[in-house]
Amino acid sequence: MTATQAPAGITNSLTQGRLHPRTPWVILGLSLTAAAGIVSLISASTDSAFSLVGTVALGALFYLVMVVVISRQVEGSRQATDRFVTALVTGAFLVAMTPLVSLLFTVVVNGSARFDVQFFTSSMRNVVGEGGGAIHAIVGTLLMTGTAAIISIPIGLLTAIYLVEYGRGPLARAITFFVDVMTGIPSIVAGLFAYALFALFFDPGIRMGFAGAIALSVLMIPVVVRSCEEMLRVVPNELREASYALGVPKWLTILNVVLPTSAAGIATGIMLSIARVIGETAPLLIVAGFSQSMNYNLFADRMQSLPVFVFTSYSIQGVDTQAYLDRAWAGALTLILIVMLLNLIARLIARFFAPKLGR
């Protein structure tokens, strides 16, 4: 008996045959072809339209059965089970990605019609039909979101530092509880809170950009607290203990050791929290209102935002319906691009500011 031979009566599934790398693709093609033929026959017999979704679903079922049966005959039960689970995971991934790809495709196709220079250089002042743009909404979104970030980041970061480094007892538990509650509140509640707050100091009909920033900060603070808290907890305690052993005070240890170590994760969490609130519509519609003109003053008059611009363009259409729809889709595409840019910045920050582990 040679070294490569198994003893008589013993089957080693790891030494059995293997399917050719192209075989699963051939099986998938045959499965989709057979499914397309069956769906076509059903559509012709019932005088209904051809169903692409039905074809893909039936083809996936055929593929799952065929690849498992063929793999079991050639490779054994171990590899057949592996291919079965791989097919299920891949299918789940494709199902999850389908709505996202469909959404992006729809927004790009419909938004490209007005994605031009005029859209980014003009406002809607005195525009009732074609033309106009969303520069006033873009500026309003950047001003209100930036102000909300200026308010939320220090509060959220300091709260996270307190909870991780100092927080003990009932106060820390109470803060954690209320942060959890604030994380799940609907955005409309934040808008109503900001409206009620400013109505106490001004008239009930007050609308201003700063009130919108306050509403966004209410939604942003718990996200910043949670993300920063998790990043601070990731920092190894050995780094803190080494700093304490050198006689460094706790506040200086936090400033020079803990925060630099977690800077990349904190910056990523902050960017993601900004991306989370930049698309809020309900609170801004309540407290900031909407306008057709430019407004750079956060403390005076109504201020338009990009989500509200999309909402009003779609829901309050003028005589030229298509022009309003084109502007709404272009505004949605712009908002998606801004969020994508923020996520890209977060990834770059995490890459360049991550601790260097090499010597």
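This is a predicted model: local features need pLDDT of at least 70, side-chain atom pairs count only at pLDDT 80 or more; totals for chains, interfaces and linings use all residues.

Visitor: What volume does the largest pocket have?

Guide: About 830 Å³. A pocket here is an open set of points on a 1 Å grid over the protein atoms alone, where a 1.4 Å probe fits, with protein on both sides within 12 Å along at least five of seven lines; lining residues have an atom within 4 Å of a point. The volume is the space filled by probe spheres set on the points, which are joined across faces, edges and corners.

Visitor: Which residues lie nearest its centre?

Guide: Leu-28, Val-56, Ala-60, Gly-91 and Leu-94, out of 24 lining residues. The elements giving two or more residues to that lining are helix H1 (23-46), helix H2 (52-74) and helix H3 (77-111). Helices are DSSP runs (H or I, at least four residues), numbered from the N terminus.

Visitor: And which helix gives the most?

Guide: H3, with 11 residues. By type, the lining has 17 nonpolar, five polar and two charged residues. Ala, Val, Leu, Ile, Met, Phe, Trp, Tyr, Cys and Pro count as nonpolar, Asp, Glu, Lys and Arg as charged, and the others, Gly among them, as polar.

Visitor: How about the second largest pocket, what is its volume?

Guide: About 160 Å³. Its lining includes Met-124, Phe-290, Phe-309 and Arg-327. H13 (306-315) supplies the largest share of this lining, three residues.

Visitor: Switching topic: how many salt bridges are there?

Guide: Eight in the whole structure. A salt bridge means a side-chain nitrogen of Lys or Arg within 4 Å of a carboxyl oxygen of Asp or Glu.

Visitor: Which parts does the bridge between Glu-165 and Arg-240 tie together?

Guide: Their side chains meet at 2.8 Å, N to O. Glu-165 lies in helix H5 (residues 135-166) and Arg-240 in helix H9 (residues 237-245), so the pair ties together parts 75 residues apart in sequence. Glu-165 is buried at 6% relative accessible area, and Arg-240 is buried at 7%. Buried means under 20%, exposed over 50% and partly exposed in between, with a 1.4 Å probe and protein chains only.

Visitor: Is Arg-233 buried, exposed or partly exposed?

Guide: Partly exposed, at 49%, whereas its salt-bridge partner Glu-229 is buried at 4%. Both lie in helix H8 (residues 209-234), four residues apart, about one turn of the helix.

Visitor: Now the inside. Which residues have the most contacts in the largest nonpolar core?

Guide: Met-144, Leu-232, Leu-306, Phe-309 and Leu-342, in a core of 45 residues. H5 gives the largest share of this core, eight residues. A nonpolar core is a set of buried Ala, Val, Leu, Ile, Met, Phe, Trp, Tyr and Cys residues joined through side-chain atoms within 4.5 Å.

Visitor: What is Leu-306 in contact with?

Guide: Leaving aside neighbours within four places in sequence, the contacts of Leu-306 include Ala-134, Ile-138, Gly-331 and Leu-335. Contact means heavy atoms within 4.5 Å.

Conventions: Residues are numbered from 1 along each chain as its sequence is written. Side-chain values use heavy atoms; hydrogens and water are left out.
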